[in-house]
Amino acid sequence: MNAAPAHLDDTFRALADPTRRAVVEALGRGPASVSDLARPFSMALPSFLQHLKLLEECGLVATEKTGRVRICRLRQEPFAAAEHWLEEQRSFWTRRLDRLDAMLATMKDEAGDAPDPSPREAAHKDTP
């Protein structure tokens, strides 16, 4: 299994915070101004800007100033990298669990035991 690229740490760290995830969700609907993004949050603008700065530093969000307004938009590359890594993990664990399932089925067949009792039969068997 390959080690995750270092930039994934930044991506997941940024997404670990509910405020930043909400900003990402809002930007998923399209570009927005900083003031529009900050409006739903009950925090001072400087506090909100710290969240936005972290999203910019890890590359999830890009901002550009148009006149007096700063417009934010999502950058797709970090999300694509995270999605690729998560897909590799899902595939790896699916293969491992499929092998475990096959091994357990083989062990059960080799044991030649009668089928497992139903939960009701097992409960009655344990009572004196």
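# Helices, salt bridges and buried faces

Trainee: About how many helical turns separate Arg-90 and Glu-87 in helix H5?

Mentor: Helices are DSSP runs of H or I with at least four residues, strands are E runs of at least two, and both are numbered from the N terminus. An α-helix has 3.6 residues a turn, so residues three or four places apart point the same way. Because Arg-90 and Glu-87 are three residues apart in helix H5, their separation is about one helical turn.

Trainee: What kind of model is this?

Mentor: Residues are numbered from 1 along each chain as its sequence is written, and side-chain values use heavy atoms, with hydrogens and water left out. Local features need pLDDT of at least 70, side-chain atom pairs count only at pLDDT 80 or more, totals for chains, interfaces and linings use all residues, and this is a predicted model.

Trainee: How far apart are the closest N and O atoms of Arg-90 and Glu-87?

Mentor: A salt bridge needs a side-chain nitrogen of Lys or Arg within 4 Å of a carboxyl oxygen of Asp or Glu. Arg-90 and Glu-87 form one, with their closest N and O atoms apart by 2.6 Å.

Trainee: Is Arg-90 exposed, partly exposed or buried?

Mentor: Buried means under 20% relative accessible area, exposed over 50%, and partly exposed in between, with a 1.4 Å probe and protein chains only. The relative accessibility of Arg-90 is 46%, so Arg-90 counts as partly exposed.

Trainee: How many salt bridges are there by this rule?

Mentor: Asp-10 and Arg-13 meet in one, at 2.9 Å from N to O. Both lie in helix H1 (residues 6-15). Another joins Glu-64 to Arg-73, with 3.5 Å between the closest N and O atoms. By this rule the count is seven.

Trainee: What pattern does the protein follow along the sequence?

Mentor: The protein has six helices and three strands. Read along the sequence, they give α-α-β-α-α-β-β-α-α.

Trainee: What percentage of the residues of the protein count as buried?

Mentor: The protein exposes about 9,500 Å², and carbon and sulfur atoms supply 55% of that area. Accessible areas come from the Shrake-Rupley method with a 1.4 Å probe; for residues, only the protein chains shown count as cover. Of the 128 residues, the buried part is 23%.

Trainee: Which elements are included in what covers the buried residues of H1?

Mentor: The buried residues of H1 are Leu-8, Thr-11 and Ala-14. They cover an arc of only 125° around the axis, so they are on the same side of H1. The arc is that of the directions from the helix axis to the C-beta atoms. Contact means heavy atoms within 4.5 Å, and the cover includes H2, H4 and H5.

Trainee: Which exposed residues are on the face of H2 turned away from its buried side?

Mentor: Helix H2 (residues 18-28) buries Thr-19, Arg-20, Val-23, Val-24 and Leu-27. Their arc is within 140° seen down the axis of H2, so they line one face of the helix. The face turned away from that buried side carries the exposed residues Pro-18, Glu-25 and Gly-28.

Trainee: Which residues is Glu-56 in contact with, leaving aside its neighbours within four places in sequence?

Mentor: Glu-56 lies in helix H4 (residues 45-57). Its relative accessibility is 28%, so Glu-56 counts as partly exposed. Leaving aside those neighbours, Glu-56 is in contact with Val-61, Thr-63 and Arg-70.

Trainee: Are the planes of the rings of Phe-92 and Trp-93 stacked, tilted or edge-to-face?

Mentor: The structure holds three aromatic pairs. Rings of Phe, Tyr and Trp (its six-membered ring) pair if their centres lie within 6.5 Å; planes under 30 degrees apart are stacked, over 60 edge-to-face, and the rest tilted. Phe-92 and Trp-93 have ring centres 5.0 Å apart and planes at 85°, so the pair is edge-to-face.

Trainee: About what area does the nonpolar surface patch with Leu-97 have?

Mentor: Patches take residues with over 30% relative accessible area and no salt bridge; like charges are joined within 9 Å, nonpolar side chains (Val, Leu, Ile, Met, Phe, Trp, Tyr) within 5 Å. Leu-97 lies in helix H5 (residues 76-111). Its relative accessibility is 52%, so Leu-97 counts as exposed. Together, Leu-97, Leu-100, Met-103, Leu-104 and Met-107 make a nonpolar surface patch of about 480 Å².
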